[in-house]
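Please open the structure in your viewer and keep the selection tool at hand. The tour begins with the whole chain and then moves to a single residue.

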Amino acid sequence: MQATRARTLAEWRRDTSTRMTGLREIDRKASPVSPKLSEEEKGIVRSVQMGGTMAKQHIAAFDQSTDDKCTYCKEEGASGSHVRWQCKYFEPTREETDKDLAQIPRHYLLECIRCGIAPAMKIEGELTSWGMTVDKKESRKTKDLLGVSMEMKTAGENGDITRKRSEAVELIEDPARGMKNARQTILMHKGGHGTGVMPDFPTQQQIKEAMEGHEPGNLVTAYGDGSHTSPKTWWAALGGYGTWIPRWDIQGECLPHRAEDDDYGPAIGQTGSSTRHELMGWIAALVKPIRSMNATDSRAMMTNS
Ligand SMILES: [Zn+2]
């Protein structure tokens, strides 16, 4: 008995677990242990997630007094994955616990998922959330549970949605994206702080020339706005700015450089705030060679920045 314990301990400390090989990034939001479980159940799930269990098959590999057959079905090798996901003996329990999950062909579930750890989400809709091809014959329910969604490749209810979807598909299918997951792809397109361009502000002389003919005190009204979506997942937050300057020529005149001006763009940077994008809407007006009066609906921009 003591010898067995010593052997088990030695194997434990050998630190050669390869269970999570290939798992490059964990989805922290999708991996927590359910708070609905009892303390004991939580402990069991956490042990499994950490690879803190040692199945009979594993023990048999270094301890000849242990056989590697499953104690329950007595047919297959007793790996942890077998007992949790394959063993016939426990199939009724799986059905009873989660019928939909029990109906999913198990080969779609990666080893890490079988241990309760979700890998970072991929972005290709026709694949599982973790990037596996799903057989066409699988049911709609199975495909939904695995994360298969053809939404991006389906026409939207109007032209604008269809266009947005096809633009998204272009980003997804861009070969330069490589193996990046959803988070990495979005952050790549958002760019880092400081990767934008330095605004080129006009000189007083340039403003004077562009405003020629206007009364000296005449200000052109510029309307700036910014918006920021803030989903719970910080990296999916997106922002943008827009500036609108109505025609600012003198009555009866029709100069092309004094035509209505519409300027908008995405906000660069990994994180953002609506005030930051509002500010960008203002800066976009300040780079125009005009004396402007800026209209904003952002109190935060006026008081904090
Ligand atoms: Zn079994």
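Two residues are said to be in contact if their C-beta atoms, placed from the backbone, lie within 7 Å. By that rule, in this predicted model, residues 24 or more positions apart account for 59% of the contacts with a separation of 6 or more.

If you turn the model along its principal axes, the C-alpha atoms fill a box of roughly 100 × 45 × 35 Å. The radius of gyration of the protein is 30 Å, whereas a compact globule of 305 residues would have one near 19 Å. Buried residues make up 13% of the 305 residues.

Next, colour the domains separately: the domain assignment gives domain 1 as residues 2–118, domain 2 as 121–190 and domain 3 as 204–304. With domain 1 and domain 3 both selected, you can compare their centres, which, taken over C-alpha atoms, are separated by 57 Å.

Now select Val220, which you will find in strand β1, a strand that covers residues 220–228. Is Val220 buried or exposed? Val220 counts as buried because it has 21 C-beta neighbours inside 10 Å, and the cut-off for a buried residue is 20 or more.

Key:
Residues are numbered from 1 along each chain as its sequence is written. This is a predicted model: local features need pLDDT of at least 70, side-chain atom pairs count only at pLDDT 80 or more; totals for chains, interfaces and linings use all residues. Domain bounds come from an automatic or database domain assignment. The radius of gyration is taken over C-alpha atoms; the globule rule is 2.2 Å times the number of residues to the power 0.38. A residue is buried if 20 or more other C-beta atoms lie within 10 Å of its own, exposed if 12 or fewer, and partly exposed in between; C-beta atoms are placed from the backbone. Helices (H or I, at least four residues) and strands (E, at least two) are DSSP runs, numbered from the N terminus.
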